[in-house]
Amino acid sequence: MALRTPLKAAPAATDIAAATAAGRDVALVPSHLAIIMDGNGRWASHRGLPRLAGHRAGVEAVRRTLRASMESGIAWLTLYAFSSENWRRPAAEVTDLTGLLRHFLRNEVAELDSHGVRLRVIGDRSRFDRDIQVELAAAERRTAGNDRLNLVVALSYGGRAEIVAAARAAAEAARAGTLDPAALDEDAFSALLSTAGIPDPDLIIRTSGEQRLSNFLLWQSAYAELLFLDVLWPDFGATHFAEALAEYNRRERRFGARPA
Ligand code: IPE
Ligand code: IPE
Ligand code: MG
């Protein structure tokens with residue numbers, strides 16, 4: 001598909017085939033963009049700074065990305081902020097990261113709310129300090145009525161743990177007699193994941209040059225377009241964002257089907 005600009009709010013990504021068939025000149029914005037925000041540590045070490053400086057600069061990139069997402073009309077934005085494996089980092093770095101999260105929740109949620117952002121968290125929030133859990137729940141409640149942009153933040157998130165939890169819930173429901181195993185299809189299983197009700201990501205971007213998912217949205221990424229960028233997360237800005245959407249427009253999504 002040729003690149004078409006300007007990018008603006010567009011039909012759902014699944015309308016691509018219809019739009020193409022109709023020959024319409026329409027730029028398609030992914031309905032759900034997910035980002036693996038990687039490279040904060042390298043950004044800092046290239047500058048001779050502590051890793052915390054990189055994580056702080058990463059928060060600025062989050063702000064830029066939120067702005068760009070709202071301007072482009074993206075409906076869902078998922079940000080991978082902390083993986084279930086990131087707890088294995090040195091305690092000082094974990095403390096720095098949870099400190100930044102605490103600061104973000106205390107100081108930025110009001111602004112998110114004023115812009116019509118709805119915040120949801122996926123991941124094992126029980127591993128965070130109690131005050132953070134309380135702030136997360138408050139932020140979700142406060143923004144629950146918003147619908148301009150759905151922001152999903154993956155915190156202490158791991159795709160495998162999520163799938164195992166869903167499988168366990170299904171097994172328990174079957175044992176309790178409330179679920180017929182024969183009725184457990186893909187839709188029913190999806191409804192047991194932490195992303196129940198959230199559409200699958202159309203585009204997953206990973207910054208920093210690494211080309212892996214690192215346990216991110218393993219089930220949900222089945223047909224996502226993957227884009228690996230050489231930019232470090234703190235340097236990610238509006239131009240990278242626009243280029244990523246342009247690249248998405250050049251992809252041809254087939255979902256296994258073949259045009260007749
Ligand atoms: C991403 O940057 C932030 C988190 C994983 C929390 P990194 O901290 O992984 O930065 P690199 O990959 O070491 O450069
Ligand atoms: C993935 O990055 C997790 C986040 C960006 C939150 P990592 O830096 O933790 O991943 P690996 O260790 O390079 O696979
Ligand atoms: Mg990393």
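1. Ligand 2 in this predicted model is surrounded by Ile36, Met37, Asp38, Tyr80, Ala81, Phe82, Asn86, Arg89, Arg206, Arg212 and Ser214. A residue is counted as near a molecule if one of its heavy atoms lies within 4 Å of it. By class, this shell has five nonpolar, two polar and four charged residues. Here Ala, Val, Leu, Ile, Met, Phe, Trp, Tyr, Cys and Pro are nonpolar, Asp, Glu, Lys and Arg are charged, and the others, Gly among them, are polar.

2. Some conventions apply throughout: residues are numbered from 1 along each chain as its sequence is written, chains are lettered from A and ligands numbered from 1 in the order in which they are written. Local features need pLDDT of at least 70 and side-chain atom pairs count only at pLDDT 80 or more, while totals for chains, interfaces and linings use all residues; side-chain values use heavy atoms, with hydrogens and water left out.

3. An N or O atom in the side chain of arginine 212 is 2.8 Å from an oxygen atom of ligand 2. For asparagine 86, a polar side-chain atom lies 2.9 Å from a ligand 2 oxygen, and for aspartate 38 the distance from a side-chain N or O atom to a ligand 2 oxygen is 3.2 Å. Taken alone, ligand 2 exposes 390 Å², and the protein buries 77% of that. These areas come from the Shrake-Rupley method with a 1.4 Å probe; for residues, only the protein chains shown count as cover.

4. Strand 2 (residues 76-83) gives the most to the shell around ligand 2, with three residues. Helices (H or I, at least four residues) and strands (E, at least two) are DSSP runs, numbered from the N terminus.

5. Ligand 1 has 13 residues around it, and the closest are Asp38, Gly41, Arg42, Arg51 and Arg89. Its shell divides into three nonpolar, five polar and five charged residues. Helix 2 gives the most to this shell, with three residues.

6. The polar contacts of ligand 1 include backbone atoms. A backbone N or O atom of glycine 41 lies 2.9 Å from an oxygen atom of ligand 1, and one of asparagine 40 lies 3.1 Å from a ligand 1 oxygen. From arginine 51, a polar side-chain atom lies 2.9 Å from an oxygen atom of ligand 1. Taken alone, ligand 1 exposes 380 Å², of which the protein buries 87%.

7. On a 1 Å grid over the protein atoms alone, a cavity is a set of points where a 1.4 Å probe fits but cannot get out, and a pocket is an open set with protein on both sides within 12 Å along at least five of seven lines; lining residues have an atom within 4 Å of a point.

8. About 760 Å³ of space lies in the largest pocket. Grid points are joined across faces, edges and corners, and a volume is the space filled by probe spheres set on the points. The pocket is lined by 35 residues, of which Met37, Tyr80, Ala81, Phe82 and Leu97 lie nearest its centre. Helix 4 supplies the largest share of the lining, six residues.

Note on methods:
Polar contact = N/O pair within 3.5 Å; in protein donor to acceptor, adjacent residues only side chain to side chain.
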